[in-house]
Structures are given as structure tokens and as C-alpha cells.
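Subject: Structure handover and notes

Dear colleague,

Please find below the structure that I said I would pass on, and after it my notes on what turned up in it. I would be glad if you read the two side by side.

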Amino acid sequence: MYLSFDVEPDAPPYINTERGLDEGLPRLLEVLDELKVRATFFVLGSLAVRRPRVAYQILERGHELAPHGYDHVRLDRLPVREAKEQVARAIRAMRDFAEPRSFRAPYLKLPRQLLGYLREEGILVDSSVALYKPPFRARPWVEEGVVRLPATVTSSVLRLPWPALRPTLMALSGLDSVVLFLHPWEAVRVRHWRPDIWVGTGRRALENLRRAVEYLSARGYVARTVGEAGGLGAGQA
């Protein structure tokens, strides 16, 4: 299994605060420490430049740091040249801290034309795809020399009540690869009029993350960073 976190301001574009960075990220790091697992944190390049301590916190705890685009914009809605510049700036920002091996675009939307550029820049794995979005593929595949690693479920699944989450995990445990992700803002109690944003945030999300990792670990899954998918190893991931 691959644990990943998209590090960005709180619920963009609906909320403009950063409680997730100040409160949620430390809580997530504590849970990962307790579980003794490593994860991948996809960080916006603009955020890493403005708040470098966020990147250092992640690296100091032994996790993978990777770019999540530069600004939180839909790359597939930009001209390809502008989208490429967003990716290039994000990679350059990460290189101030560590050499990136993986990438995830905001909203999981990456123009296919940029896969070759990712490979040229040394990116081995792109996780800008998902099982629940076209082409609805569960297993990793290689495209333009880059491993495409689909997120298995959307982050809000980890905010479900445990009686609903447990059968979901039971169904997922038949897959070769399970890729989970959350946002730091989901680890704090969010207040917003949209239920899909605030429901299950805070304590439930943190506890479900812990229980999901323990559940899948008991079924033979080993937690890995997204960058480690670059080898497309055999067996359960």
C-alpha cells in the first residue's frame, strides 16, 4: 500500500486558511510515527517556497517529499506551455530540499503531453490518476516511461464512519495495489457549509487513517512511498 498526502491550503478554492499546515500536518506526522510507516507528501511548490519549514518537517521525519504542482490549479485547463511551466517550477522548488522521484497534479489532472517531460526531469512515478476516474484502472501501468500509480479511493472515503469504511477496506484488500491519500486540512475539524468538505474531518479522519493502515497491514500489505513504485515490483503493494 502507498500512503500519500496532498499538502495545500485548506480545501481550495473554498477556504483560504492554513490550519491544516499548522495543526493537521503535525498530527498526521505523529500518527505515521506511531505506526512506524513512511509516506509521500505531495507539496505545492509555491507553498514550499513560502513556508520551507513544512518541507523540512516532512523530510526530518523520514518521508518522501514530492511536487503537487506549483499553484493549486487544474493543469488540464491551461495551455500545455503554461501547464509545463507549472510543473517545472514545482520540480525546481522541491529540488531546494530533495530530488523528487514522484509527482501528483492538483485535482489529479495531468495533461498526458507532460509525461515525457516528467521522465526527462527524473520523475519515475506519476500519481495523477485514480481508480474512480477514467480510465478506471486499479493497477499501475507504464506510460511514456513513467509509472502511473492510481489513487484507489478519494480522500473523503477515509472520513466515513468506521462501519462504512471497514467493508470498503475489505473490498480493496483484494487489489494488488492500494493507494490512500488525505489532505492535512482533513486532520482538523473544518467548518464550512458544504457537508462534503467538513463531514468526518478532524479526529475521525486521523483515527480512520490509523485503523486503515493497521487493517491493511494485517492482510499482508506493506506501507511504501510512492517513489518506490518506480520499480513496479511484483506482488502486493
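Throughout these notes, a residue is called buried when its relative accessible area is under 20%, exposed when it is over 50%, and partly exposed in between, with a 1.4 Å probe and protein chains only. Please keep in mind that this is a predicted model, in which local features need pLDDT of at least 70 and side-chain atom pairs count only at pLDDT 80 or more, while totals for chains, interfaces and linings use all residues. Residues are numbered from 1 along each chain as its sequence is written, and side-chain values use heavy atoms, with hydrogens and water left out.

To begin with the chain as a whole, it holds eight helices and eight strands, where helices (H or I, at least four residues) and strands (E, at least two) are DSSP runs numbered from the N terminus. Its radius of gyration, taken over C-alpha atoms, is 16 Å, close to the 18 Å that the globule rule gives for 237 residues, so the protein chain is as compact as a globular protein of that length; the rule itself is 2.2 Å times the number of residues to the power 0.38. Along the principal axes, the C-alpha atoms fill a box of roughly 45 × 40 × 35 Å, and buried residues make up 53% of the 237 residues. If contact is taken to mean heavy atoms within 4.5 Å, then residues 24 or more positions apart account for 70% of the contacts with a separation of 6 or more.

Apart from its neighbours within four places in sequence, R148 is in contact with L115, D126, S128, V129, P140, W141 and E143. P150 is likewise buried, at 2% relative accessibility, and the residues it touches, not counting those up to four places away in sequence, include V129, P140, W141 and V179.

In strand β2 (residues 40-43) lies T40, which counts as buried at 0% relative accessibility. The side chain of T40 makes a polar contact of 2.5 Å with the side chain of E64, and beyond four places in sequence T40 is in contact with several residues, among them L3, F5, A66, S102 and G227. R101, by contrast, sits in the loop between α4 (80-95) and β4 and is partly exposed, with a relative accessibility of 38%. The C-alpha atoms of R101 and A66 are 6.9 Å apart in space, although the two residues are 35 residues apart in sequence, and the contacts of R101 outside its four-place neighbourhood include E64, G122 and E228.

The peptide bond from P12 to P13 is cis, with omega near 5°, and P13 belongs to the loop between β1 (2-7) and α1 (19-35). That loop also holds A11, which has a positive phi of about 40° although it is not a glycine, and which is buried, with a relative accessible area of 4%.

With kind regards

Conventions
A polar contact is a pair of N or O atoms within 3.5 Å; within protein, one must be able to donate a hydrogen and the other to accept it, and residues adjacent in sequence count only if both atoms are side-chain atoms.
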